[in-house]
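Student: I have a model open and would like to go through its packing. Can you take my questions as they come?

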Amino acid sequence: MSAVTETVSVKKAGAGKLRLRWPHYLLIASGLLVLLSLVRVIDDADPVTSSGTVSAALRLAVPIFLAGLGGLWSERSGVINIGLEGMMILGTWTGAWAGYQWGPWIGVLAGIIGGALGGLLHAIATVSFGVDHIVSGVAINILGLGLTQFLAGLIFDTGEAKALGGGPRQSPPVDPIATLTLPVLSGGTIGGWESPDWLGSLEGRHWFLLSDIAGILRGLTSDMSLLTLVALLLVPLSFLILWRTPFGLRIRSCGEDPYAAESLGVQVYRMKYAAVIISGAFSGLAGAFLVTVAAPLYQDGQTNGRGFIGLAAMIFGNWRPGGLAAGSLLFGYTDAMNVRGGGQAVHALLLFVAILLIGVAVWQGIRANRLRSQVVTDLGRREVRNAYLGAVLSLVSAAGLLVWFQLSEIVPGELVSFTPHLTTLLVLALASQRLRMPAANGLRYRRGEAR
């Protein structure tokens with residue numbers, strides 16, 4: 001059978017796929033919330049949807065999301081950026097250095113500039129000199145770590161900074177950024193009047209679904225940092241710029257086919273430089289968030305691999321802001337389970353994941369049966385076999401988790417601390433089949449070399 005016939009057959013097999021839109025995503029989110037509430041009731045694990053867990057998850061997700069957003073901008077222009085961690089580290093140091101002297105918002109601005117300088121260095125190496133993107137990113141990670149350690153010992157361990165509490169591995173304290181609480185729903189003060197905490201009262205009753213919704217809303221509307229609010233607004237802003245403006249179209253065209261973009265008059269070098277510098281600025285903002293919101297000072301090793309997790313969240317989100325935000329919240333939530341709930345909360349998640357895997361197995365089985373009746377080529381048969389294999393593996397994994405859930409009452413602490421990293425691996429493994437990176441991502445570009 002010819003390759004053309006095979007291609008047509010595969011396209012016909014995929015023609016009936018449902019394209020998910022916002023109503024579908026809302027329906028899926030509602031179903032997951034109902035399932036999470038059911039798991040909470042069965043295992044009596046109140047921290048699963050408590051306001052404290054939600055607030056911690058948001059706080060832990062924001063730096064991951066900002067770093068991933070930086071990776072999104074860079075890779076949409078065709079430049080792989082695994083130097084996000086190093087740019088975050090530069091943002092933490094510069095943010096703390098300016099923040100303890102002139103206030104947290106100046107620190108945020110300095111963190112953005114520090115990360116942007118790292119992005120500029122990456123752009124010079126990869127775009128101008130054609131250095132391998134991975135090599136340049138690794139070098140920036142090493143440079144960021146070594147440079148900030150040297151500068152911390154040079155500046156924070158002497159003079160006024162040392163007198164204020166600085167040292168060779170940390171900065172003086174930085175004033176925190178102000179927080180917001182929505183009055184009436186989550187308490188707060190209106191004109192000197194203390195409003196009741198309606199959501200807190202409803203959450204404390206531990207009712208099925210209603211208390212879970214109240215806990216989530218209370219976590220999102222109480223003591224939210226202004227910088228967190230700014231970070232959340234960057235999701236629609238990045239989408240609008242990259243997908244709804246000529247500037248964003250030019251950047252994305254450089255990541256798909258820079259030579260075609262060049263033939264249409266796009267300044268490819270300029271677009272790549274702009275995207276990579278913006279990428280560094282977002283990473284620096286993530287570092288500044290760590291020293292002004294997550295913790296009130298710079299500490300050596302503070303980023304703790306969040307730049308790499310942000311890169312994983314970007315891949316999980318298929319190089320789009322909405323998916324990136326969802327992936328970041330997932331990683332932040334599992335990390336919050338480690339911080340707030342411990343072994344009991346993670347034990348409840350065993351049942352949650354087992355039920356999800358059963359759902360995945362059913363979906364894979366239905367998909368395999370539908371494909372089986374449509375494809376007639378070897379490639380199509382291989383896809384059917386993979387779908388059946390995925391269904392079997394999902395069922396086996398679900399059975400193992402259910403047995404673990406029944407035979408234990410709490411997850412050991414060693415596994416609890418590993419939960420965020422395990423989630424990263426599992427999510428990337430499950431999402432790998434539907435990913436599509438920019439076509440020219442990581443490729444060397446030279447003006448006028450189109451063939």
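Student: Before that, where do the numbers come from?

Tutor: This is a predicted model, in which local features need pLDDT of at least 70, side-chain atom pairs count only at pLDDT 80 or more, and totals for chains, interfaces and linings use all residues. Residues are numbered from 1 along each chain as its sequence is written, and side-chain values use heavy atoms, with hydrogens and water left out.

Student: How many helices and strands does the protein have?

Tutor: The protein has 17 helices and four strands. Both are DSSP runs numbered from the N terminus: helices are H or I with at least four residues, strands E with at least two.

Student: And what share of the residues counts as buried?

Tutor: 48% of the 451 residues. Buried means under 20% relative accessible area, exposed over 50%, and partly exposed in between, with a 1.4 Å probe and protein chains only.

Student: What about contacts along the sequence?

Tutor: Take contacts between residues at least 6 apart in sequence: 77% of them join residues at least 24 apart. Contact means heavy atoms within 4.5 Å.

Student: Helix packing next. At what angle do α4 and α6 pack?

Tutor: At about 20 degrees, with their axes 7 Å apart. Axes are lines fitted to C-alpha atoms, for helices over the stretch in contact, and angles run from 0 to 180 degrees between N-to-C directions. α4 and α6 are therefore roughly parallel to each other. The classes are roughly parallel under 35 degrees, roughly antiparallel over 145, roughly perpendicular from 65 to 115, and oblique for the rest.

Student: Is the crossing of α4 and α6 left-handed or right-handed?

Tutor: Left-handed. That term applies if the near helix is turned anticlockwise from the far one by less than a right angle, and right-handed applies if clockwise.

Student: Which residues make the contact?

Tutor: On the α4 side they include Leu90, Trp93, Trp97 and Tyr100, and on the α6 side they include Leu151, Ala152, Ile155 and Phe156. By class, the contact of α4 with α6 has 14 nonpolar, four polar and one charged residues. Here Ala, Val, Leu, Ile, Met, Phe, Trp, Tyr, Cys and Pro count as nonpolar, Asp, Glu, Lys and Arg as charged, and the others, Gly among them, as polar.

Student: How do α4 and α13 cross?

Tutor: The axes of α4 and α13 (residues 268-294) come within 7 Å and cross at roughly 50 degrees. The two helices are therefore oblique to each other, and α4 passes α13 in a right-handed crossing.

Student: Which residues meet there?

Tutor: Among them are Gly91, Gly95 and Ala96 in α4, and Gly280, Gly284 and Gly287 in α13. The contact of α4 with α13 divides into eight nonpolar, eight polar and no charged residues.

Student: Rings now. How many aromatic pairs does the structure hold?

Tutor: Ten. Rings of Phe, Tyr and Trp (its six-membered ring) pair if their centres lie within 6.5 Å; planes under 30 degrees apart count as stacked, over 60 as edge-to-face and the rest as tilted.

Student: Why is the pair of Trp97 and Trp102 edge-to-face?

Tutor: The ring centres of Trp97 and Trp102 are 5.5 Å apart and the planes lie at 90 degrees, so the pair is edge-to-face. Trp97 is partly exposed, at 31% relative accessible area.

Student: And Tyr100 with Phe156?

Tutor: Tyr100 and Phe156 also form an edge-to-face pair, 6.2 Å centre to centre with 75 degrees between the planes. The pair links distant parts of the chain: Tyr100 is in α4 (residues 84-102) and Phe156 in α6 (residues 133-156), 56 residues apart. Tyr100 is buried at 19%, and Phe156 is buried at 0%.

Student: Which residues do ring pairs link into a cluster?

Tutor: Trp93, Trp97, Tyr100, Trp102, Phe156 and Tyr298.

Student: Change of topic. What does Trp243 touch?

Tutor: Leaving out residues up to four places away in sequence, Trp243 touches Arg76, Arg252, Trp319, Arg320 and Pro321. Trp243 sits in α10 (residues 226-244) and counts as buried at 13% relative accessibility.

Student: Last one: what is phi of Asn318?

Tutor: Near 60 degrees, a positive value in a residue other than glycine. Asn318 lies in the loop between α14 (306-316) and α15 (321-372), and Asn318 is buried, with a relative accessible area of 18%.
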